[in-house]
Amino acid sequence: MTNEKDLLFRSWSSVAIPALLLLATILAFEFTEWDIAIQDRFYSLEQGWLIHFDNHDTYKGLALFYYTLPKFLLGIFGGCLLLLTLFPQKLRTKASRAQLVFVIVCLVAIPCTVSFLKSHTNMPYPCKIERYGGKAPHRKLHQAIAAYFDKSLKLYKGWPGGHASGGFALMGLAFAPKSRRRRKIGFAIATVAGFFMGLGHTLDGCHFFSHNLVSWTIAWLIAALLYQLWIYAERKRPRLA
């Protein structure tokens, strides 16, 4: 993986940009009611949420398309990458083993990081808050973090968007390719996949829109940091004479 100049994917600005976007996203939704304004558009007292997924029967209707298929495709993709790392270079076309391993590491690290954050903030899902027929209060992020340490409260794991992180885990495709064009395509694939997987959870009341937006910036930031660490390790690796 070369380190030619590319502000989005090949320099330390590729770390700064998502970090600033993450901070801006958190602050913007922390001090506004944008999440509520967006979520109100997908809920009505008469019909409830715009989309209803049957979480207990993933082999019918939208649930099959939305829950099962993306997870299956991601699993197949990750498995194929893992198998390709075992093949000789000539059977892997232009992809090096390092590039494949990098994408695999991102596939694991991004959802794991999001899952860790979800487990350490007590953020109720939209469908659980009082405004939408639930019993929990609506919490901002700082309130959700404080509520996590109050063991008398029921624990919710609504922040950030976990389902979306599965699609955003493809963000390694934005850093691994040597071609700038392929990096842009990889970034687009990861972005579209993540928001596709997260949008349904906004429409069915399981996540505020900002939760998926935060997952996107986290995924970008993690992939950028891993890439910089990878380059640093390659530079420090001793070369044979």
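1. K140. In this predicted model, K140 counts as buried, because its relative accessibility is 14% and the limit for a buried residue is under 20%. The side chain of K140 forms a salt bridge with that of E33, with 3.4 Å from N to O. The two residues come from distant parts of the chain: K140 is in the loop between α4 and α5, while E33 is in the loop between α1 and α2 (34–39), and 107 residues separate them. E33 is partly exposed, at a relative accessible area of 47%.

2. The other salt bridge. How many salt bridges does a search of the whole structure find? The search finds two. R131 is partly exposed, with a relative accessible area of 49%. D40 also counts as partly exposed, at 31% relative accessibility.

3. Overall layout. The protein has eight helices and two strands. Read from the N terminus, the order of these elements is α-α-β-β-α-α-α-α-α-α. The protein has 241 residues, and buried ones make up 45% of them. Of the contacts with a separation of 6 or more, 72% are between residues 24 or more positions apart.

4. The largest nonpolar core. In soluble globular proteins, nonpolar side chains tend to be buried together. Here the largest nonpolar core has 42 residues. Those with the most contacts inside this core are I110, M171, F175, F187, W216 and W220. Two or more residues each are given to the core by α1 (13–30), α3 (61–84), α4 (97–119), α5 (141–148), α6 (162–168), α7 (180–203) and α8 (209–236). Which element gives the most to this core? That is α8, with 12 residues.

5. With neighbours within four places in sequence left aside, M171 is in contact with I110, F187, A190, T191, W216, A219, W220 and A223. Apart from this core lies another, of eight residues, including I36, F42, W49 and F208.

6. L8 and W220. L8 lies in the segment before α1. L8 is partly exposed, at a relative accessible area of 34%. Residues up to four places away in sequence not counted, L8 touches S14, I17, F175 and W220. L8 and W220 are 212 residues apart along the chain, and their C-alpha atoms are separated by 9.9 Å. F175 and W220 are among the residues with the most contacts inside the largest nonpolar core.

7. One face of α5. The buried residues in α5 include L141, A144, A147 and Y148. Why can the buried residues of α5 be said to line one face of the helix? Seen down the axis of α5, they fall within an arc of 120°, so they line one face. Among the elements that cover these buried residues are α1 and α4.

8. T202. T202 is placed in helix α7. Is T202 buried or exposed? T202 is buried, with a relative accessible area of 2%. Not counting residues up to four places away in sequence, T202 touches Q39, F42, H207, F208, F209 and N212. Of these, F42 and F208 are among the residues of the eight-residue core.

9. Cysteines. A disulfide is a covalent bond between the sulfur atoms of two cysteines. The count of disulfides in this model is zero. The closest cysteine sulfur to that of C127 is in C206, and the 4.7 Å between them is too far for a bond, because a disulfide needs sulfur atoms within 2.5 Å. C127 counts as partly exposed, at 24% relative accessibility. C80 is also partly exposed, at 41% relative accessibility.

10. A cis peptide bond. Most peptide bonds are trans. The peptide bond from W159 to P160 is cis, with omega near -10°. P160 is placed in the loop between α5 and α6.

Methods
Residues numbered from 1 in each chain as written. Predicted model: local features only at pLDDT ≥ 70, side-chain atom pairs only at ≥ 80, totals over all residues. Heavy atoms only, no water. Core = buried A, V, L, I, M, F, W, Y, C linked by side-chain atoms within 4.5 Å. Buried < 20%, exposed > 50% of the residue type's maximum accessible area, 1.4 Å probe, protein only. Helix = DSSP H or I, 4+ residues; strand = E, 2+ residues; numbered from the N terminus. Contact = heavy atoms within 4.5 Å. Arc of directions from axis to C-beta. Salt bridge = Lys/Arg side-chain N within 4 Å of Asp/Glu carboxyl O.
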